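Visitor: Hi, I'm new to this one and would like a walk through it. Could you show it to me before we start?

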Amino acid sequence: MTKTSSPDRPVPPDERQLRPAGRATRAAIEEAARRLFAERGFDASVRAIAHEAGVDPALVIRHFGSKEALFLRCVDTSTGIGTVLDGPLETVGRRLVAYFLEPGRPLLRQRYLALAQAAHLDQVREEMNRHTAETYVAALAPRLTGPDRELRVALAVAQLGGLLNLVFRQEDPLVTAADTDRVVALYGDAIQHLLTPDAEGP
């Protein structure tokens with residue numbers, strides 16, 4: 001997700017301009033924040049993160065601008081999604097579903113739940129919308145044909161969000177007990193139809 005700041009919040013320093021000690025401090029804060037946000041969600045406080053990292057709480061804000069900005073950096077659920085989106089357009093629906101349902105990724109569930117918990121916050125919600133536009137819409141819409149290309153991508157992302165909610169928050173027994181490959185095929189094809197409605201299925 002991209003980094004944002006507001007006029008009343010400090011602008012974080014460019015990581016490339018930090019001295020080695022500053023980079024080490026920043027890395028320690030981020031590592032501590034990832035652990036605590038995974039355990040406690042957005043309820044993890046700046047003071048607790050600073051204590052875990054062994055730094056003054058003021059350094060958390062100095063390096064990341066705000067708790068919200070640090071949170072968004074730590075709970076990004078789309079690391080590596082670029083390779084999924086860059087692949088063949090005709091199978092992107094199944095690849096997207098497979099990416100998010102891939103076994104052995106417990107951190108994905110923790111990050112999604114933390115993100116969902118904080119979605120009522122203005123900065124988090126705005127950043128989620130920006131992330132959809134910059135990560136998904138910008139990558140897929142130019143490759144689509146027909147009307148409403150950007151809208152179709154946004155709706156496809158909404159479909160993915162619905163699946164993650166069903167699996168990670170509700171833990172729906174029908175879906176969680178189903179064969180993953182079958183879910184990937186059925187749900188992936190539904191997303192695919194939204195993106196490429198005139199294409200034949202795989």
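Guide: Let us begin with a pair of helices: where helix 9 and helix 11 cross, the crossing is right-handed. Please keep in mind throughout that this is a predicted model.

Visitor: At what angle do helix 9 and helix 11 pack, and how far apart are their axes?

Guide: Helix 9, which covers residues 149–169, packs against helix 11, residues 180–195, at an angle of about 160 degrees, and their axes are 8 Å apart. Since angles over 145 degrees count as roughly antiparallel, helix 9 and helix 11 are therefore roughly antiparallel to each other.

Visitor: Which residues make that contact?

Guide: From helix 9 the contact uses Arg152, Val153, Leu155, Ala156, Gln159, Leu160, Gly162 and Leu163, while helix 11 brings Val183, Tyr187, Ala190, Ile191, Leu194 and Leu195. Sorted by class, the contact between helix 9 and helix 11 has 11 nonpolar residues, together with 2 polar and 1 charged.

Visitor: Stepping back, how many helices and strands does the chain have?

Guide: The secondary structure comes to 11 helices and 0 strands, so along the sequence the pattern reads α-α-α-α-α-α-α-α-α-α-α. The chain has 202 residues, of which 41% count as buried. If you look at contacts between residues at least 6 apart in sequence, 67% of them join residues at least 24 apart.

Visitor: Is helix 4 largely enclosed or exposed?

Guide: Helix 4 is largely enclosed by the rest of the structure, because 7 of its 8 residues are buried. The buried residues in helix 4 are Lys67, Glu68, Ala69, Leu70, Phe71, Leu72 and Cys74.

Visitor: How does helix 1 pack against helix 4?

Guide: Helix 1, residues 20–40, and helix 4, residues 67–74, pack at an angle of about 75 degrees, with their axes 9 Å apart. That angle makes helix 1 roughly perpendicular to helix 4. On the helix 1 side, Arg26, Ile29, Glu30, Ala33, Arg34 and Phe37 take part, and they meet Lys67, Leu70, Phe71, Arg73 and Cys74 in helix 4.

Visitor: What classes of residue are in that contact?

Guide: The contact of helix 1 with helix 4 has 6 nonpolar and 5 charged residues, and no polar ones.

Visitor: Now helix 6, how many of its residues are buried?

Guide: Helix 6, residues 92–101, is mostly covered, with 7 of its 10 residues buried. Those buried residues are Val92, Gly93, Leu96, Val97, Tyr99, Phe100 and Leu101.

Visitor: What does its side chain contact?

Guide: The side chain of Asp122 makes a polar contact with the side chain of Arg125, at 2.5 Å. As for Glu68, which is one of the buried residues in helix 4, Asp122 and Glu68 are 54 residues apart in sequence, while their C-alpha atoms are 9.6 Å apart in space.

Methods. Residues are numbered from 1 along each chain as its sequence is written. This is a predicted model: local features need pLDDT of at least 70, side-chain atom pairs count only at pLDDT 80 or more; totals for chains, interfaces and linings use all residues. Side-chain values use heavy atoms; hydrogens and water are left out. Axes are lines fitted to C-alpha atoms, for helices over the stretch in contact, and angles run from 0 to 180 degrees between N-to-C directions. Helices (H or I, at least four residues) and strands (E, at least two) are DSSP runs, numbered from the N terminus. Angles under 35 degrees count as roughly parallel, over 145 as roughly antiparallel, 65 to 115 as roughly perpendicular and the rest as oblique. A crossing is left-handed if the near helix is turned anticlockwise from the far one by less than a right angle, and right-handed if clockwise. Contact means heavy atoms within 4.5 Å. Ala, Val, Leu, Ile, Met, Phe, Trp, Tyr, Cys and Pro count as nonpolar, Asp, Glu, Lys and Arg as charged, and the others, Gly among them, as polar. A polar contact is a pair of N or O atoms within 3.5 Å; within protein, one must be able to donate a hydrogen and the other to accept it, and residues adjacent in sequence count only if both atoms are side-chain atoms. Buried means under 20% relative accessible area, exposed over 50%, partly exposed in between (1.4 Å probe, protein chains only).
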